[in-house]
Amino acid sequence: MSAQPNSNMFVPAAPEARAIADAFTLSLIVCAVIFVFVVGIVGYALIKNRAKPGTGEPPQVYGNHKLEVTLTVIPFLICVALFIVSWRTANAAAPDPGDAEPDVIARGHQWWWEFEYPKENFRAAYEMHLPLGRPALVRVESFDVIHDFWVPALTRKIDAIPGHPNHVTITPEQLGRFEGTCAEFCGTQHAWMRFQVVVDSPADYATWVAAQRRPGAVPTTPIQLQGYELFSKYTCGNCHSIAGTPFDSARIAPDLTHIGSRAALGGGLIPQNLYTIMAWMGGTQAIKPGCHMPTFPLTNAELAAIANYLGALQ
Amino acid sequence: MNDASLAAAPAAAPPADAECGMPRHDATDHAPGFLGWVATVDHKRVGILYIVTALFFLVVGGCEALAMRYQLIKPANTFAGPEAYNQLFTMHGTTMIFMVAMPIAIGLGNYFVPLMIGARDVAFPRLNALGYWTLPFGALLMHYSFVTGGAPDVGWFSYAPLSERPFQEVRYAVDYWNLSLLLLGVGSVAAAVNLIVTTLCLRAPGMTMMRLPPFVWSMLITSFIVIMAMPALNAALVMLLTDRWLDAAYFLPQRGGNAIIWQHFFWIFGHPEVYILVLPAFGAVAEVIPVFSRKPLFGYSFFVGATMAIGLLSLLVWAHHMFAVGLGRAADTFFMASTLLIAIPTGIKVFNWSFTMVGGKLVLSTAMCFAVAFVIQFVLGGLSGVTLAMFPVDWQVTDSYYVVAHFHYVIFGGIIFGLFSGAYYWFPKMTGRLLGETLGKWHFWLTLIGFNLTFGVQHILGILGMPRRVYTYPDFPYWRELNLISTIGAFVLGASTLLFVVNLWRSRRRGAPAGNNPWSAWTLEWATTSPPPHDNFRKLPPIKSRRPLWDLAYPKLADWLVAPTADDTGARPNPNRIAMASLVITEATFFLLLLAAFVIYNTEAPPTAARSVLDATRAGVFTAGLVISSFTFMAALRQHAAGHSKSFLSWLCVTLCLGTLFVAGTAWEYYELLSAGFVLSYDLFSTTFFTVTGFHALHVAAGIALLTALWLLGSRGRLTTARHAKLQSAGYYWHFVSVLSVVVYGLVYLDVLKLGGGAP
């Protein structure tokens with residue numbers, strides 16, 4: 001990948017994230033002022049009030065009710081202000097979705113993200129494409145345990161909880177790729193449950209959607225055909241599905257209909273190309289230990305054939 | 001201290017009229033050697049056992065942290081794989097919280113609370129020893145999981161459903177974790193009850209509540225939080241065990257359960273736990289800063305009030321750990337408000353400490369250095385906590401390294417620094433020798449630098465998008481550099497802790513002799529020898545203010561002249577009654593949570609066939625019997641007070657029979673349910689029904705055992721009227737299970753809340 005995708009909450013690329021960044025900045029300024037105040041008091045005492053030998057005890061001061069009350073009331077007022085700021089920020093960062101149908105369903109699996117587009121009726125993995133400038137409602141679900149959907153530059157984080165669907169809104173304002181990750185510990189490979197949000201121009205987005213809706217490319221070359229046969233022989237279709245083949249019903253593992261079009265494999269662990277597909281299938285458990293896909297004992301020729309078939313699924 | 005007049009203060013002979021209020025121990029001294037430690041019931045030795053055990057686990061948990069930081073030193077490192085890393089962070093969190101921070105605080109409380117209130121021991125020395133021994137055995141149970149195929153690897157919070165069987169097929173680690181925490185919880189509650197009773201009942205004459213040293217106040221409130229919060233964890237653990245071993249589905253959404261309830265129950269315990277850890281450190285620092293500023297604590301009553309406010313509010317903030325769950329705007333707003341509110345009493349304490357220093361004469365001993373660093377670092381942790389309380393900000397930074405930085409600033413920068421401060425301050429009292437100041441200063445500066453290097457940069461890592469609990473990370477801009485800095489800091493921190501251990505080891509025998517009061521401090525623990533004798537005091541000074549030893553040193557400037565406090569009325573509550581009341585509070589909280597679970601899981605539940613087997617009338621008869629037994633017990637009490645031992649025993653016997661009938665009735669009902677195939681895992685109604693009624697019947701059975709013991713004592717003439725309070729306290733428990741039976745009957749059999757789930 002060339003330029004690093006953005007994963008910085010202080011470089012927001014959507015109004016939802018910007019509202020939070022602004023509130024965060026404000027709260028950090030308030031905290032800095034309080035911190036300087038406390039350090040000032042302690043620092044003053046450290047410099048001015050050191051003990052000198054033989055000078056006896058200092059005047060015994062037991063308290064000062066006026067000062068104590070003041071120092072209770074001022075923090076209270078600060079809290080009230082922060083409360084109001086938060087309230088307003090929340091409305092901007094997470095508008096009430098009402099009964100609207102989601103544009104995308106982001107579904108967490110151990111350890112990858114599935115992105116279902118219910119209106120267009122297809123399922124992608126790892127990459128969630130969104131069109132520039134249009135508010136997208138994302139429903140966040142889980143297939144198994146609790147995950148968390150987090151794209152720092154675009155919107156708030158929200159848990160993906162089985163039996164408890166959640167919603168977030170994203171209104172992308174910048175083209176490009178934005179880093180996302182699972183942020184709730186979800187088991188062995190929580191670290192490699194990353195994803196990307198790709199913001200396309202409306203035209204590019206339409207092209208992408210049209211491509212994703214097509215069934216998987218039919219194998220044409222002999223090696224692709226051989227790869228397809230091996231895919232069938234080694235029961236890959238029990239977990240993975242490829243639209244347009246008999247293996248189009250499994251929902252356990254990432255849909256491979258357009259795997260050749262994605263930037264990475266294994267939840268962001270390795271970039272996607274023919275060699276990494278081979279490496280992945282030949283050593284899944286070595287590359288991503290504990291992941292739910294077993295390592296298949298394939299020969300290099302078999303690996304190359306399957307990789308050729310899958311890589312062509314653009 | 002170099003002030004001659006101060007050094008003389010403790011040497012002044014205490015007036016003769018100040019005998020301790022407590023009878024002396026029968027035993028004169030400890031058994032020699034190893035047995036003297038294993039068999040000890042002396043609060044001071046028990047305290048040292050706690051602290052030494054905690055130090056051992058500090059090293060264990062610290063090594064786990066170093067292993068984690070070494071794995072994270074660069075992107076895609078292969079030092080520890082995901083399985084190992086996940087075990088490391090789970091054990092690190094669990095160890096540091098339950099086997100380090102809590103035991104050190106309880107250990108210091110054990111050692112110093114009786115000394116600071118002028119008592120000869122804690123109220124229940126044997127219970128105290130029992131409480132300690134749950135710690136090594138609980139820890140052993142937890143670590144035994146290593147040889148059963150791996151330590152727990154689901155985080156110290158064990159979020160369901162990840163911690164459930166379907167996602168943990170072959171491993172029993174979660175069960176060891178679970179049982180170990182239940183055992184440690186029992187120990188903590190025992191210690192807390194003991195400290196509550198000791199503080200309320202065993203104060204020396206003159207030691208009123210408003211003259212208690214701030215550390216004692218802090219331990220008292222901590223103990224109250226323990227008895228209120230621990231049961232929530234116990235309830236959650238019991239439900240998880242039920243899921244894992246009896247095939248229930250409390251936290252399995254896939255089978256109708258609810259994974260969010262685990263989080264609620266866990267954090268109802270988990271957030272107060274933070275205050276359980278932090279209040280003792282607050283207390284220690286509130287002892288150290290005044291002594292080394294040579295001034296009394298600024299705003300004592302505000303400090304006490306703030307401690308109480310924190311205790312209360314701590315029970316109302318739990319869901320700020322759950323802002324990302326999607327609980328809705330109303331819940332998020334409520335928990336933001338309560339969390340912002342708790343910042344206010346916490347802020348008051350910061351001002352208490354800092355204004356104590358202003359205008360004083362600061363002596364920068366190692367203890368004071370740690371205390372000052374504590375204030376500054378705790379403020380940083382508290383302020384990042386304020387940003388996290390604002391739920392929209394939390395939506396971004398929760399579960400990122402920003403949170404890791406935040407709570408380490410509170411727990412390490414705050415609590416551990418506070419406890420280090422306490423260690424340098426009190427070590428001379430415990431051993432008779434000063435902790436080396438030269439090594440101490442090295443320890444302080446290395447800890448300060450290492451700590452801020454390790455955790456300061458983690459704020460930025462979080463803001464740059466690095467999530468928590470990842471065994472490795474991609475090579476994003478600055479992630480590599482910041483992680484490297486953090487790891488270097490961690491190893492500096494490791495080295496500094498090693499220095500501390502070396503210092504402890506050397507100073508224990510070869511440190512400079514401390515004398516009774518090396519710091520010219522003012523509280524009662526300094527009015528005795530270092531270490532104190534077995535029964536703590538030969539003579540107590542008169543207690544007429546918060547600083548009895550100041551009054552002795554400066555009679556003309558005595559606190560009771562300059563800033564008088566209300567005099568002691570001499571009234572002390574009865575230890576047995578306070579102990580039982582505390583136990584009932586903790587049990588009631590446990591049942592409150594089980595009953596809440598019953599309500600939650602049966603609200604809008606589908607109709608259940610299990611209800612058709614229940615006979616509400618018959619259950620009503622047995623419940624009425626149990627309620628009547630409360631009255632027969634009161635009759636027994638009256639007869640006992642009047643000295644009519646025969647009719648006392650008869651009434652007690654009637655009470656026992658009614659209680660036994662109730663348990664038999666429950667058994668009968670269970671037999672019918674189980675015969676009809678309605679086992680615990682049949683549906684959520686059955687699960688909650690068996691959990692609630694089962695635990696209630698178990699408690700009735702425990703009550704029966706207690707009353708039987710009293711009956712046996714009574715029948716042998718060992719329950720004289722002088723021991724009436726013991727009987728009264730047993731009554732608290734019996735009335736509790738009897739009142740509970742009415743609640744259970746109304747909720748479960750009569751369905752007064754109309755939860756749905758009636759017979760189909």
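Tutor: A polar contact is a pair of N or O atoms within 3.5 Å, where within protein one atom must be able to donate a hydrogen and the other to accept it. The model here is predicted, and across its interface of chain A and chain B this rule finds 30 residue pairs in polar contact, both residues being at pLDDT 80 or more.

Student: Which elements of chain A give two or more residues to the side that touches chain B?

Tutor: They are helix H1 (15-48), helix H2 (65-93), strand E6 (147-150), strand E7 (158-160) and strand E9 (176-182). H2(A) supplies the largest share, 18 residues. By residue class, the side of chain A that touches chain B has 52 nonpolar, 26 polar and 11 charged residues.

Student: How many residues of each chain are in contact, and how much area do the chains bury?

Tutor: The contact involves 89 residues of chain A and 98 residues of chain B. Between them the chains bury about 7,800 Å², and 70% of this is on carbon and sulfur atoms. In chain A, the residues that lose the most area to chain B are A:Glu57, A:Tyr62 and A:Phe185, together 10% of what that side buries.

Student: What makes B:Arg469 and A:Glu184 a salt bridge?

Tutor: Their side chains meet at 3.2 Å, N to O. The cut-off is 4 Å between a side-chain nitrogen of Lys or Arg and a carboxyl oxygen of Asp or Glu, so the pair qualifies. The same rule finds 2 salt bridges across the interface of chain A and chain B, and 23 in a search of the whole structure.

Student: Why is the salt bridge of A:Glu173 and A:Arg18 said to tie parts of chain A together?

Tutor: The closest N and O atoms of A:Glu173 and A:Arg18 are 2.9 Å apart. A:Glu173 is in the loop between strand E8 (166-170) and E9, while A:Arg18 is in helix H1, so the pair joins parts 155 residues apart in sequence.

Student: Are A:Glu173 and A:Arg18 buried, partly exposed or exposed?

Tutor: Buried means under 20% relative accessible area and exposed means over 50%. A:Glu173 has 41% and A:Arg18 has 31%, so both count as partly exposed.

Student: How do you know on which side of the cut-off A:Arg107 and A:Glu116 fall?

Tutor: A:Arg107 has 15% relative accessibility and is therefore buried. A:Glu116 has 21% and is therefore partly exposed. These two residues form a salt bridge with closest N and O atoms 2.9 Å apart. Salt bridges with shared partners join A:Arg107, A:Glu114, A:Glu116, A:Arg123, A:Arg139, A:Glu141 and A:Asp255 into one network.

Student: Which residues have the most contacts inside the largest nonpolar core?

Tutor: That core has 333 residues, and those with the most contacts inside it are A:Met128, A:Phe149, A:Leu310, B:Phe98, B:Trp262, B:Trp353 and B:Tyr425. Helix H8 (residues 259-293) of chain B gives the most to this core, 23 residues.

Student: What makes the pair B:Ser630 and B:His735 a polar contact?

Tutor: The side chains are joined at 2.8 Å, which is within the 3.5 Å limit. B:Ser630 lies in helix H19 (residues 616-641) of chain B and, at 6% relative accessible area, is therefore buried. Not counting residues up to four places away in sequence, B:Ser630 touches B:Trp734, B:His735 and B:Ser738.

Student: Is B:His640 buried or exposed, and what does its side chain reach?

Tutor: B:His640, also in helix H19 of chain B, has a relative accessible area of 4% and so counts as buried. The side chain of B:His640 reaches the backbone oxygen of B:Leu719 at 2.8 Å, and a polar contact of 2.9 Å joins it to the side chain of B:His724. Among the residues B:His640 touches, not counting those up to four places away in sequence, are B:Phe648, B:Thr720 and B:Leu727.

Note on methods: Residues numbered from 1 in each chain as written. Chains lettered and ligands numbered in written order. Heavy atoms only, no water. Contact = heavy atoms within 4.5 Å. Buried area = accessible area lost by both parts, 1.4 Å probe. Helix = DSSP H or I, 4+ residues; strand = E, 2+ residues; numbered from the N terminus. Nonpolar A, V, L, I, M, F, W, Y, C, P; charged D, E, K, R; others polar. Buried < 20%, exposed > 50% of the residue type's maximum accessible area, 1.4 Å probe, protein only. Core = buried A, V, L, I, M, F, W, Y, C linked by side-chain atoms within 4.5 Å.
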